[in-house]
Amino acid sequence: MADVARAATALACALLLAGCGSTVTGVARPLQVTDVERELVSGYFADLNEAGGQGTSEQRDLLKDTQHPDFHDEDCRLPSGTIRVQPTMSTLRLDPAWTPPGEDEHPRGVVLVVAVTLTVVQEGSEIGSQIGSQHVVLLNGKAYGFAPCVN
């Protein structure tokens with residue numbers, strides 16, 4: 001009889017402990033881009049286009065200033081003229097596995113990618129346009145890019 005009482009007590013304790021576990025209702029979802037991150041990326045492209053409207057040297061200075069600090073490339077030769085970048089913000093998403101071409105290391109920060117239409121402008125005339133994707137990294141509250149080198 002003592003064995004039955006111990007078994008019953010053990011079963012009751014197990015059931016009580018099982019009832020103490022917490023459950024979370026809802027459905028698991030992937031991480032989403034926040035409004036703050038979206039604004040930083042949008043601002044990055046607005047600044048880039050504004051600098052391009054001011055001239056080649058202004059845009060090159062901005063590209064140099066916003067180049068990701070871990071990936072400054074002294075051999076980067078920018079295209080002649082300026083670039084105008086129109087992002088399709090509805091495509092903005094996280095890309096945590098991306099590494100810059102030819103690199104083994106992931107950039108520090110939050111890596112995002114967005115579809116863009118990139119147009120090269122020389123002396124006020126559009127000379128070419130291309131659709132692709134561009135990566136932007138958010139680090140310490142600032143958006144950084146990777147200059148479109150032509151080497």
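The following is a short exchange about how terms apply to this predicted model.

User: What kind of model is this, and how are residues numbered?
Analyst: This is a predicted model, where local features need pLDDT of at least 70 and side-chain atom pairs need pLDDT 80 or more, while totals for chains, interfaces and linings use all residues. Residues count from 1 along each chain as its sequence is written, and side-chain values use heavy atoms, leaving out hydrogens and water.

User: What makes a stretch a helix or a strand here?
Analyst: Both are DSSP runs, numbered from the N terminus: a helix is H or I over at least four residues, a strand is E over at least two. The protein chain has 3 helices and 4 strands. Along the sequence the pattern is α-α-α-β-β-β-β.

User: Why is Thr 82 called buried?
Analyst: Buried means under 20% relative accessible area; exposed means over 50%, and partly exposed lies in between (1.4 Å probe, protein chains only). Thr 82 has 10%, so Thr 82 is buried. Thr 82 sits in strand 1. Of the 151 residues in the protein chain, 30% count as buried.

User: Which residues does Thr 82 contact, leaving aside neighbours within four places in sequence?
Analyst: Contact means heavy atoms within 4.5 Å. Among the partners of Thr 82 are Gly 52, Gln 59 and Val 120.

User: How do you know that strand 3 and strand 4 pair?
Analyst: Two strands pair if DSSP finds at least two bridges between them. Strand 3 (residues 125-139) and strand 4 have 3 bridges, in the antiparallel sense.

User: How many bridges join strand 2 to strand 3?
Analyst: There are 13, and strand 2 and strand 3 run antiparallel. For example, Leu 112 has Val 136 in strand 3 as its bridge partner. The hairpin of strand 2 and strand 3 has 2 residues between the strands, and Glu 123 there takes a positive phi near 50°.

User: What makes strand 1 and strand 4 edge strands?
Analyst: The 4 strands form an open sheet in the order 1-2-3-4, with antiparallel pairing. Strand 1 (82-94) and strand 4 (142-144) each pair on one side only.

User: What is the angle between helix 2 and strand 1?
Analyst: Axes are lines fitted to C-alpha atoms, for helices over the stretch in contact; angles run from 0 to 180 degrees between N-to-C directions. The direction of helix 2 (residues 35-54) makes about 170° with that of strand 1. Helix 2 packs on the sheet, touching strand 1, strand 2 (110-122), strand 3 and strand 4.

User: Why is the link between Asp 70 and Arg 108 called a salt bridge?
Analyst: The rule asks for a side-chain nitrogen of Lys or Arg within 4 Å of a carboxyl oxygen of Asp or Glu. Asp 70 and Arg 108 meet at 2.7 Å, N to O. Asp 70 lies in the loop between helix 3 (56-65) and strand 1, and Arg 108 in the loop between strand 1 and strand 2, so the pair ties together parts 38 residues apart in sequence.

User: How many salt bridges does the rule give?
Analyst: The count is 2. Glu 126 forms one with Arg 84, the closest N and O atoms being 2.4 Å apart. Glu 126 lies in strand 3 and Arg 84 in strand 1, so the pair ties together parts 42 residues apart in sequence.

User: Is Glu 126 buried or exposed?
Analyst: Glu 126 is exposed, because its relative accessible area is 55%. Arg 84, at 38%, counts as partly exposed.
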